[in-house]
Amino acid sequence: MRKNIVAGNWKMNTTLTEGIALAEGLNNALKGKTTNCDVIIGTPFTHLASIVAKIDTTKIGVAAENCADREKGAYTGEVSAAMVASTGAKYVILGHSERRAYYHETPEILKEKVKQALANGLTPIFCIGEVLEEREAGKHFAVVDEQIKKSLFDLSAEDFGKLVLAYEPVWAIGTGRTATAAQAQEMHACIRKTIAAKYGETVANETSILYGGSCNADNAKELFSNPDVDGGLIGGASLGVEKFMPIIEAFDR
């Protein structure tokens with residue numbers, strides 16, 4: 001079932017104490033409120049179990065920001081999907097542009113990460129998006145299309161239906177630049193068309209596709225009003241309850 005979702009990605013921010021305080025603040029802000037979207041927070045690995053224990057997980061879903069592409073073994077420093085699931089987290093963010101750029105995650109690696117996540121009952125929030133040079137060269141649709149096909153199109157229709165996608169134009173992440181509402185809608189519609197060509201209209205129409213890239217309280221309502229934009233994957237604005245709540249509430253206005 002297609003859902004409206006607002007997900008925070010904390011990235012490498014907050015100590016454990018700070019992270020618990022932030023999660024508890026959001027939990028308190030949502031207490032007694034009915035929202036028109038699912039709320040998810042993506043936290044560092046070190047925070048997962050502690051935060052799950054401190055919040056109402058019927059109100060707030062918890063995501064890891066990554067997981068390994070291997071099941072287990074001698075992979076020092078890696079965290080498996082099974083380990084993530086054991087904390088009580090239900091989601092994992094995969095394919096983020098920072099992981100692709102800084103840690104050289106290839107489509108093949110991401111394909112394995114998605115399989116590991118699904119095998120352990122986690123919902124992948126799978127990120128796709130183009131860099132500025134690709135946008136300016138008019139290659140943005142082809143780039144995103146290829147990212148989807150190379151990492152996800154080996155999945156069955158049933159497994160693909162368990163994913164959440166997040167379109168993040170890399171040129172708009174943390175830069176203050178934002179895709180216009182029209183640009184976001186155009187790309188989201190293209191993504192849905194790509195899914196429909198492989199898996200059919202039903203799967204495409206039931207897939208939640210989020211927008212990420214300097215989404216904030218000022219532009220969230222306009223972005224989310226597009227028919228193919230089902231919410232946001234929020235970076236910096238998720239690090240403060242006072243900034244994050246107006247984005248969640250954009251679906252109420």
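**Exercise 1. How do helices α7 and α9 cross?**

Task: Find which hand the crossing of α7 and α9 has, and state the angle between these helices.

Solution: In this predicted model, the crossing of α7 and α9 is right-handed.

Step 1. The axes of α7 and α9 (residues 181-199) lie 10 Å apart, and the packing angle is about 40 degrees.

Step 2. Angles under 35 degrees count as roughly parallel, and 65 to 115 as roughly perpendicular. The helices α7 and α9 are therefore oblique to each other.

Step 3. On the α7 side, the contact is made by His-140, Phe-141, Val-144, Asp-145, Ile-148, Lys-149 and Leu-152. On the α9 side, Glu-186, Met-187, Cys-190, Ile-191, Thr-194 and Tyr-199 take part.

Step 4. Sorted by class, the residues of this contact are eight nonpolar, two polar and three charged.

**Exercise 2. What surrounds α5?**

Task: List the buried residues of α5, then say which elements these residues pack against.

Solution: Step 1. A residue is buried if its relative accessible area is under 20%. In α5, this holds for Leu-110, Lys-111, Lys-113, Val-114, Gln-116, Ala-117 and Leu-118.

Step 1. These buried residues pack against the helices α3 (81-86), α4 (97-102), α7 (140-152) and α8 (157-160), and against the strands β4 (91-94) and β5 (123-128).

Step 2. Take α7 as one of these partners. The axes of α5 and α7 come within 8 Å and cross at roughly 55 degrees, so the two helices are oblique to each other. Their crossing is right-handed.

Step 3. Pro-107, Leu-110, Lys-111 and Val-114 of α5 meet Lys-150, Ser-151 and Leu-152 of α7. The contact holds four nonpolar, one polar and two charged residues.

**Exercise 3. Is Thr-76 buried or exposed?**

Task: Locate Thr-76 in the chain and classify its accessibility.

Solution: Step 1. Thr-76 sits in the loop between β3 (60-64) and α3.

Step 1. Exposed means over 50% relative accessible area. The value for Thr-76 is 84%, so Thr-76 is exposed.

Step 2. Asn-28 is 48 residues from Thr-76 along the chain, and their C-alpha atoms are separated by 37 Å.

Methods: Residues are numbered from 1 along each chain as its sequence is written. This is a predicted model: local features need pLDDT of at least 70, side-chain atom pairs count only at pLDDT 80 or more; totals for chains, interfaces and linings use all residues. Side-chain values use heavy atoms; hydrogens and water are left out. Buried means under 20% relative accessible area, exposed over 50%, partly exposed in between (1.4 Å probe, protein chains only). Helices (H or I, at least four residues) and strands (E, at least two) are DSSP runs, numbered from the N terminus. Contact means heavy atoms within 4.5 Å. Axes are lines fitted to C-alpha atoms, for helices over the stretch in contact, and angles run from 0 to 180 degrees between N-to-C directions. Angles under 35 degrees count as roughly parallel, over 145 as roughly antiparallel, 65 to 115 as roughly perpendicular and the rest as oblique. A crossing is left-handed if the near helix is turned anticlockwise from the far one by less than a right angle, and right-handed if clockwise. Ala, Val, Leu, Ile, Met, Phe, Trp, Tyr, Cys and Pro count as nonpolar, Asp, Glu, Lys and Arg as charged, and the others, Gly among them, as polar.
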